[in-house]
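Hi everyone, thanks for coming.

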Amino acid sequence: MGLKKHWQRRHVVEAIFKYVMLISFVLVLACLGYILWTVFSKGLPSLTWAMISQTPKGGYYLGKEGGILNAILGSLYLAMGGTLLAVLIGLPIALYLQTYLRKSHWGKFIRISLDILWGIPSIVYGAFGFSVMLAVGMRSSLLGGIIVLALLELPIMVRAMDEVLQQMPKDLEHAALAIGATKLEVALKIVVRQMMSGIISAILLAFGRGIGDAASVLFTAGYTDRVPTSLTNPAASLPLAIFFQLSTPFPEVQQRAYASALVLTIIVLAVSLGSRWLSVRLSKYSIK
Amino acid sequence: MNSHIQVKNLNVFYGKSQALKNINLEIPRNQITVIMGPSGCGKTTLLKSFNRFIELDEMTRISGQVKVDEQDIYARDIDVTEVRKTIGLLSQRPYPLPMSIYENVAHGLRMHRMKKGKNEFDQAVQHYLQVAGLWDEVKDRLHEPATSLSIGQQQRLCLARGLAIEPEIILGDEPTSALDPISSQHIEKILMSLKKDYTIVVVTHILRQAKRLADYVIFMYLGEVVEAGTAQQIFEDPQMERTKGYLSGQF
Ligand SMILES: Nc1ncnc2c1ncn2[C@@H]1O[C@H](COP(=O)(O)OP(=O)(O)OP(=O)(O)O)[C@@H](O)[C@H]1O
Ligand SMILES: [Mg+2]
């Protein structure tokens, strides 16, 4: 029988594509590995307890005593506040899109708008936020940073949630409608429960964009060596801390920049592991 | 005939194609009505027009009347959630809600504010799980996910969930077609025991099941009702050639 493999064009094409895919994959993996290695190898030696438990003392940026507690807490406050605000606004938008607008003209219009907003560079959000803040007489502050970060995170969060909610099994919605639920009850009690793990991923994606962004908080949250104690205080952030330390001429301060980057990486890692754990717990009842 | 549902001049369109053509029917109270007919003849569409599921699809258009106890369920001042509370649906495949076994039954009660306090909920959940013949199998695992049940058990859970909100009519769209023979028998038995209190309308493709269940039979073909009558009339003395043909397995 003619079952033996003869090398035809389609087999060759398949083999070539397989290697192209493999090479791309390895390339990405290598980049990621190299980044992590750089951050770890350069950052770990100068990552001391003092660095994460103290605020910068006088002369910190010249290589003297102190740490980046101001930036660590500032970043956490900013990103968590911004993400929380974005969830409070974004989840209702996503549910509204899926429950009532669906594929209507308005629905399409809003999705396109969000996609455009998604593509706008964060410095533009920062500049816009700052000009609004100036107009209303607000100083650079934690609150200003949180609001601008929420705006920055909203498009990506809503669109990610929108894609997630699209995967909601129609039959499951119908099961709830069949016992007399309103569309709103279905959205809040069934859809959110069923799609919880995807919703958490969307939130995480937005959080990642928020905590890693420097340009949007540069003017709006400002920078300070103190830990913010109220929403009206300015707040430091890790990406800016990294930037400032890296741009000094002193090698030991530049080392600290890598240590700061390491802290940021660890925070992001911890948050994503934490949300994974949460997502597994919360989707215990999801219908597969 | 003491009819519970009356259908008058019902037409349903999906976009431009007409799925139901001028349907006129009466469905008897406290009996099991079986709807039969070849695939694509509009059985599901007819059932969906009874609990207003038809309107979930934006492309559909409906005209005519469906009256339940003389009330047109498509009238303007009708609350669609009340319609669906009164007319329960058991679908082809079981779709438990993403919550525990207990909550699946309790959810509707809570939504319609029918019970108060843990005791009343516990009692109602136990009662309806018993009616659905599921209590003994799940009483020690009420707070496990509903998905931990077998498909047959899930279908009985869905039945319990539907019964808990005290409907008057139960619709079943091939409710046993995804189940194994034992589970199917189980569902059939429960339906038989329920008909003294409920009006039941079931779509089935299985002739023997139809014969076991039916008090009243509706035979449909290409969106029209060809013949309707008591089980005896239709199975023993069908009048129309199409019905005869279908019953003798020509489709
Ligand atoms: N959502 C829909 N959009 C467009 N046409 C539809 C839709 N649902 C059903 N139809 C059409 O309407 C007609 C009746 O469909 P219906 O599902 O009611 O048939 P059925 O008798 O339940 O068939 P089956 O025994 O296969 O379940 C069919 O021709 C079908 O193609
Ligand atoms: Mg059908």
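Which ring does the charged end of R110(B) sit over? The charged end of R110(B) sits over the ring of F121(B), 4.8 Å from the ring's centre. By "over a ring" I mean that NZ of Lys or CZ of Arg is within 6 Å of the ring centre and within 35 degrees of the ring normal. R61(B) does this with F13(B), with 4.5 Å from charged end to ring centre.

Some housekeeping. This is a predicted model, where local features need pLDDT of at least 70 and side-chain atom pairs count only at pLDDT 80 or more, while totals for chains, interfaces and linings use all residues. Residues are numbered from 1 along each chain as its sequence is written, chains are lettered from A and ligands numbered from 1 in the order in which they are written, and side-chain values use heavy atoms, with hydrogens and water left out.

Okay, rings with rings. You describe a pair of aromatic rings by the distance of the centres and the angle of the planes. Rings of Phe, Tyr and Trp (its six-membered ring) pair if their centres lie within 6.5 Å; planes under 30 degrees apart are stacked, over 60 edge-to-face, and the rest tilted. Searching the whole structure gives eight aromatic pairs over all chains. Take Y34(A) and W37(A): their centres are 6.5 Å apart and their planes at 20°, so that pair is stacked. They're three residues apart in helix α1 (residues 9–43) of chain A, which means about one helical turn separates them. Helices here are DSSP runs (H or I, at least four residues), as are strands (E, at least two), numbered from the N terminus.

Are Y34(A) and W37(A) buried or exposed? Both are exposed. The cut-offs are under 20% relative accessible area for buried, over 50% for exposed, and partly exposed in between (1.4 Å probe, protein chains only).

Now over to F219(B) and Y246(B), a tilted pair at 5.1 Å centre to centre, with 50° between the planes. F219(B) is in strand β9 (residues 216–221) and Y246(B) in helix α10 (residues 241–247), both of chain B, so the pair ties together parts that are 27 residues apart in sequence. F219(B) counts as buried, at 2% relative accessibility, and so does Y246(B), at 11%.

Last stop on the ring tour: Y223(A), F243(A) and F244(A) form one aromatic cluster. That's me done, thanks!
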